[in-house]
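Me: I'm new to this one. Can you walk me through it, a bit at a time?

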Amino acid sequence: MAASKVLEKQLSTKTISPKTFKMSLWRKILTVFATFAVIASFVFLAIMFLSIIGDVLIHAWPALNIKLLTEITNGIGGGLKNAIEGSIIISLGSLLLAAPIGISAGIYLSEHGQGLAGKTLRFLSDVLVGVPSIVLGYVGYITMVIYLGWQFSLAAGIITLTVMLLPYIARSTELAISNIPLAVREAGYGLGAGEGRIVFKILLPGAAPAIMTGLFYSVALSMGETAPLLYTAGWSNYMWTGNLTKEPIGYLTYVIWTFINEPFAESHMLAFAAAFLITSGVLLLILLGRWYMVRAQKRMGAYR
């Protein structure tokens, strides 16, 4: 007993100083190189982004007037009223059709996706992401435009874009719900809530900011697509009259793809004006999605 007390006293009076960490010269060099690479990459991306925006704005500036928004396309001139309307209708239509299906698939993958069916669905979703959009457009052309006899139409374009957006919405929803701690689910079950109430009252409200951000990104993706719409929506110089089938519709990306190849200055200005509108719309949607997510997370205490 006496020996143990003496040992305890010696250990309590002995101060243990932590060893100072010394960084090797090679690690210092790697740290400096990595820091420089990160800064250089950021500067490069910023310069490329600003140069693209600036070049599009400079070439589109002569065409940015009220005529652009109030007149329809006339051959290779006129305005872009019909194309703006068509892009908005196609993007919103594909979102309204893809969002319920994609969110439902994301909920299933998050809550019950550990079995064979979930793994198969996740694999097929990943494969669908890798399919080129022009292939989806060609399939839509064969099935809807020709076989079903819809011709170039709004419905064919919306359904084709819906198929393209589904895997993005499903995976973003799955990741958003999977990030909610398991303890939240257990607390719901402990209070006697059923699975449906837990999903709709606990999981979806908690994951709503991330899900909404994914939806914003999906709309931005659909706004910039050209290849699938060439085969399905066609092109029209006129305003949409409300028919879902057997009536083509205009959209901005067609103007960019077609008018830039015309040997006329007015068509080039319209192409750049359409590119400016698409770029501004995509940038606005991305910023809106980020703003909404940060605002919602601040409300929940994630940010100070």
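Me: Which hand is the crossing of helix 5 and helix 7?
Reply: Left-handed. Keep in mind that this is a predicted model.

Me: At what angle do helix 5 and helix 7 pack?
Reply: About 130 degrees, and their axes are 9 Å apart. Helix 5 covers residues 116–130. That angle makes helix 5 oblique to helix 7.

Me: Which residues of helix 5 and helix 7 meet?
Reply: From helix 5 there are Arg122, Ser125, Asp126, Leu128 and Val129. They meet Val163, Pro167, Tyr168, Arg171 and Glu174 of helix 7.

Me: How do the residues of that contact of helix 5 with helix 7 divide?
Reply: Five are nonpolar, one is polar and four are charged.

Me: Next pair. How do helix 6 and helix 7 pack?
Reply: Their angle is about 140 degrees, with the axes 10 Å apart. So helix 6 counts as oblique to helix 7. The crossing of helix 6 and helix 7 is right-handed.

Me: And which residues make the contact?
Reply: Helix 6 brings Ser133, Leu136, Gly137, Gly140, Met144 and Val145. Helix 7 brings Ala156, Ile159, Thr160, Val163 and Met164.

Me: How many charged residues are in the contact of helix 6 with helix 7?
Reply: No charged ones. The contact has seven nonpolar residues and four polar.

Me: What sits in the loop between helix 6 and helix 7?
Reply: Gln151 is found there. Helix 6 is 133–147 and helix 7 is 154–178. Gln151 has a positive phi of about 60 degrees, although it is not a glycine.

Me: Is Gln151 buried, partly exposed or exposed?
Reply: Partly exposed, because its relative accessibility is 44%.

Me: Why does Lys246 count as exposed?
Reply: Because its relative accessibility is 56%, and exposed means over 50%.

Me: Let's move on to helix 11. Is it mostly covered or mostly open?
Reply: Mostly covered. Six of its eight residues are buried. Those are Leu252, Thr253, Tyr254, Val255, Thr258 and Phe259.

Me: Take Thr253. Where is it?
Reply: In helix 11, which spans residues 252–259. Thr253 is buried, with a relative accessible area of 4%.

Me: What does the side chain of Thr253 reach?
Reply: The backbone oxygen of Glu225, at 2.9 Å.

Me: Which residues does Thr253 touch, leaving out those up to four places away in sequence?
Reply: Met223, Gly224, Glu225, Thr226 and Ile278.

Me: Now helix 4 and helix 9. How do they pack?
Reply: At about 135 degrees, with axes 9 Å apart. Helix 4 is residues 81–112 and helix 9 is residues 195–223. That makes helix 4 oblique to helix 9. The crossing of helix 4 and helix 9 is right-handed.

Me: Which residues make that contact?
Reply: On helix 4 they are Ser91, Ser94, Leu95, Ala99, Ile103, Ile107, Glu111 and His112. On helix 9 they are Glu195, Val199, Leu203, Leu204, Ile211, Leu215, Val219, Ser222 and Met223.

Me: And how do the residues of the contact of helix 4 with helix 9 divide?
Reply: Into 11 nonpolar, four polar and two charged.

Me: What joins the side chains of Ser110 and Glu111?
Reply: A polar contact of 3.2 Å. Ser110 is in helix 4.

Me: Is Ser110 buried or exposed?
Reply: Buried, because its relative accessibility is 11%. Setting aside residues up to four places away in sequence, Ser110 touches Glu174, Ile177, Ser178 and Arg185.

Me: How far apart are Leu285 and Ala220?
Reply: They are 65 residues apart in sequence. In space they are 6.3 Å apart, C-alpha to C-alpha.

Me: What does Leu285 touch, not counting residues up to four places away in sequence?
Reply: Phe216, Val219, Ala220 and Met223.

Technical notes. Residues numbered from 1 in each chain as written. Predicted model: local features only at pLDDT ≥ 70, side-chain atom pairs only at ≥ 80, totals over all residues. Heavy atoms only, no water. Helix = DSSP H or I, 4+ residues; strand = E, 2+ residues; numbered from the N terminus. Buried < 20%, exposed > 50% of the residue type's maximum accessible area, 1.4 Å probe, protein only. Polar contact = N/O pair within 3.5 Å; in protein donor to acceptor, adjacent residues only side chain to side chain. Contact = heavy atoms within 4.5 Å. Axes fitted to C-alpha atoms, helices over the stretch in contact; angles between N-to-C directions. Parallel < 35°, antiparallel > 145°, perpendicular 65-115°, else oblique. Left-handed = near helix turned anticlockwise from the far one by under 90°. Nonpolar A, V, L, I, M, F, W, Y, C, P; charged D, E, K, R; others polar.
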